[in-house]
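Me: I'm new to this structure, and I'd like a close look at one part of it. Please take me slowly through the helix beside the ligand and then through its surroundings.

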Amino acid sequence: MNSTKKIFLTLGVIVMLPALFYSVYEISSLDETEEMIGQMYGRQLDAILFSVNQHILDVASSWATQIENELPKNAFDRIITANPSITSIIVTDTSCTTTHVFPVDRREYTEQLQKHFEIIDRLIRYRTLSYRKLEPVIDSDSTLVILFAPSIAPSNIIGIVVHTDRFIQSVVGKKLTDIAQNDFLLTVTKRSDGQTVFSTAPKSAGIFSHQRKLWIFPDHVVNIRLKGVTIEEAARGRFHRNIILIVILDIVLLAGAWFVYRLIRREMELVALKSDFVSNVSHELRTPLALIRMFTETLEMKRVKTEKKKREYYSIILHETERLTRLINNILNFSRMESKTRRYSFTPIKINDVIASVMTIYSYQLEKLNFTVETMLEENIPFIQADEEAIAEALHNLIDNAIKYSGEEKFIRITSQHTRQHVQISIHDHGIGIAPEHHAKIFEKFYRVSRGLVHTAKGSGLGLAIVQHIVQSHGGTISITSEHGKGSAFVITLPLTKER
Ligand code: ADP
């Protein structure tokens with residue numbers, strides 16, 4: 001496994017695993033949290049409904065107290081007038097044989113009450129324990145009788161006849177409206193037929209989260225739910241939002257890890273390229289130095305007999321010195337470029353003159369290597385504002401490459417032409433060519449296509465980076481058209497400026 005893959009795996013383990021664990025943990029704990037919230041909320045609703053029952057009991061108890069107070073005189077008119085929910089008050093004996101109804105009612109309760117002798121017995125037992133219990137009996141249509149055993153009259157049993165709907169709508173309804181405010185919807189429904197007797201707001205869609213039997217009205221239940229969004233809906237919404245957040249977090253982490261991985265990979269590639277660069281440059285320096293030394297020694301020992309041979313050796317020495325100078329210049333210029341201290345001095349130049357003088361330098365070498373050279377320079381190209389030395393350096397690098405990567409067919413064509421706004425110089429070869437995937441990368445520093453001939457052709461990987469820097473500093477562009485195995489064409493386009 002290579003080191004970039006190891007880094008990627010390490011990043012994955014360091015960043016992604018905790019994130020994934022966290023996500024899974026969060027998702028599973030979200031359920032528990034919601035259940036807890038649901039339970040807490042349920043208990044609260046229960047408490048509310050309990051308080052409703054308590055209130056009803058309080059009202060009934062206060063009636064019982066008032067009735068007990070009036071019992072000696074049987075003067076219940078005031079109580080009945082003050083409480084429209086009370087239809088009448090029944091006073092009977094413990095065996096329910098003599099029953100009085102106030103105000104006088106034609107209804108006969110004796111028989112009905114007698115059926116509830118067990119309840120009456122219980123009430124009497126409670127009374128002996130000094131506890132006044134209230135018990136609903138005879139729950140029919142809209143009437144309910146609440147029985148209790150008064151403490152001041154041991155031989156009596158009292159029944160409060162309540163108009164159920166009226167009581168629920170006025171007494172219970174008021175309490176429910178107080179509780180409901182704008183937050184809850186509370187209703188009272190009949191258990192037998194599901195009919196709504198009271199509602200704090202017009203009926204709306206939605207399921208009631210809680211329901212409780214009314215202690216005093218056994219056939220009625222009170223229902224409660226949140227208005228608008230229910231707690232379950234809110235919890236579900238929160239759950240979905242949290243899941244989305246967790247997913248986004250995971251994606252961001254994943255993207256971050258991928259980004260860091262790419263940065264590291266790039267840096268490692270650069271480190272590898274730099275180390276290639278050092279070995280390439282050492283080789284590039286050593287070869288011309290060895291040649292110069294060898295030919296100088298041969299000449300010095302006067303071993304060369306003919307003048308022609310001597311001239312040949314001198315020209316080899318000169319050529320190798322030039323190669324060395326160019327390499328060292330390239331490195332120096334590159335380091336200036338990197339530290340952004342490279343300066344260009346712009347003067348009006350004739351591009352064809354620069355091309356011609358560069359070609360003159362290469363003429364000997366090109367001839368020796370049997371190159372077919374085509375130079376097609378358009379006449380009357382106007383002056384351009386440029387740094388002559390830098391443009392020559394760019395051309396040197398491109399021609400060097402055309403020679404270095406020439407392959408079988410030794411061919412080079414240099415052209416120049418101009419449009420209204422630009423001057424174009426192209427260097428065309430029939431060399432080894434460059435596959436499309438390398439086209440953009442070859443302009444990066446240290447980048448070399450490591451395949452085929454390139455292995456044997458030594459270089460620093462700086463040439464095209466320098467060319468691009470020079471061209472761009474002149475406000476121009478450089479483009480490449482190349483096919484692997486067929487050759488390449490580099491085209492420099494520079495802006496045309498007026499002759500100064
Ligand atoms: P160097 O030539 O020192 O390696 P350059 O920056 O000049 O560095 O070129 C970068 C790479 O682009 C070269 O290593 C080579 O693979 C490729 N290249 C450049 N010019 C040519 C060309 N004319 N034909 C084929 N390949 C080329």
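Reply: The expected span of a helix is 1.5 Å times one less than its number of residues. Helices (H or I, at least four residues) and strands (E, at least two) are DSSP runs, numbered from the N terminus. The model is predicted, so local features need pLDDT of at least 70 and side-chain atom pairs pLDDT 80 or more, while totals for chains, interfaces and linings use all residues. Residues are numbered from 1 along each chain as its sequence is written, and side-chain values use heavy atoms, leaving out hydrogens and water.

Let's start with α9. This helix has 17 residues, which at 1.5 Å a residue should span 24 Å, and the 24 Å between its end C-alpha atoms agrees with that. Most of α9 is covered, with 14 of its 17 residues buried (under 20% relative accessible area; exposed is over 50%, partly exposed in between, with a 1.4 Å probe and protein chains only). At the start of α9, Asp387 reaches with a side-chain oxygen to within 3.1 Å of the backbone nitrogen of Glu389.

A neighbour also joins in here. The side chains of Arg342 and Glu393 are linked by a polar contact of 2.7 Å (a pair of N or O atoms within 3.5 Å; within protein, one must be able to donate a hydrogen and the other to accept it, and residues adjacent in sequence count only if both atoms are side-chain atoms). Arg342 comes from the loop between α7 (307-338) and β10 (347-349), and its relative accessibility of 12% is why Arg342 counts as buried.

Now for the ligand. α9 (388-404), α10 (463-473) and β16 (487-495) each give at least two residues to the shell around the ligand. In total, 20 residues surround the ligand, and the closest are Asn401, Tyr405, Arg448, Ser460 and Leu464 (near means a heavy atom within 4 Å). By type, the shell consists of 10 nonpolar, 7 polar and 3 charged residues (Ala, Val, Leu, Ile, Met, Phe, Trp, Tyr, Cys and Pro count as nonpolar, Asp, Glu, Lys and Arg as charged, and the others, Gly among them, as polar).

Which atoms meet the ligand? Asp429 has a polar side-chain atom 2.9 Å from a ligand nitrogen atom. Arg448 places a polar side-chain atom 2.4 Å from an oxygen atom of the ligand. Val449 takes part through its backbone, where a polar atom is 3.2 Å from a ligand oxygen atom. On its own the ligand has 530 Å² of accessible area, and the protein covers 98% of that (Shrake-Rupley method, 1.4 Å probe; for residues, only the protein chains shown count as cover).

Among the buried residues of α8 are Ile351, Val354, Ile355, Val358 and Tyr362. After α8 comes Asn370, with a positive phi near 60 degrees. Another asparagine, Asn380, also has a positive phi, about 60 degrees, although it is not a glycine. Asn380 sits in the loop between β11 (372-377) and β12 (384-386), and with a relative accessible area of 71%, Asn380 is exposed.
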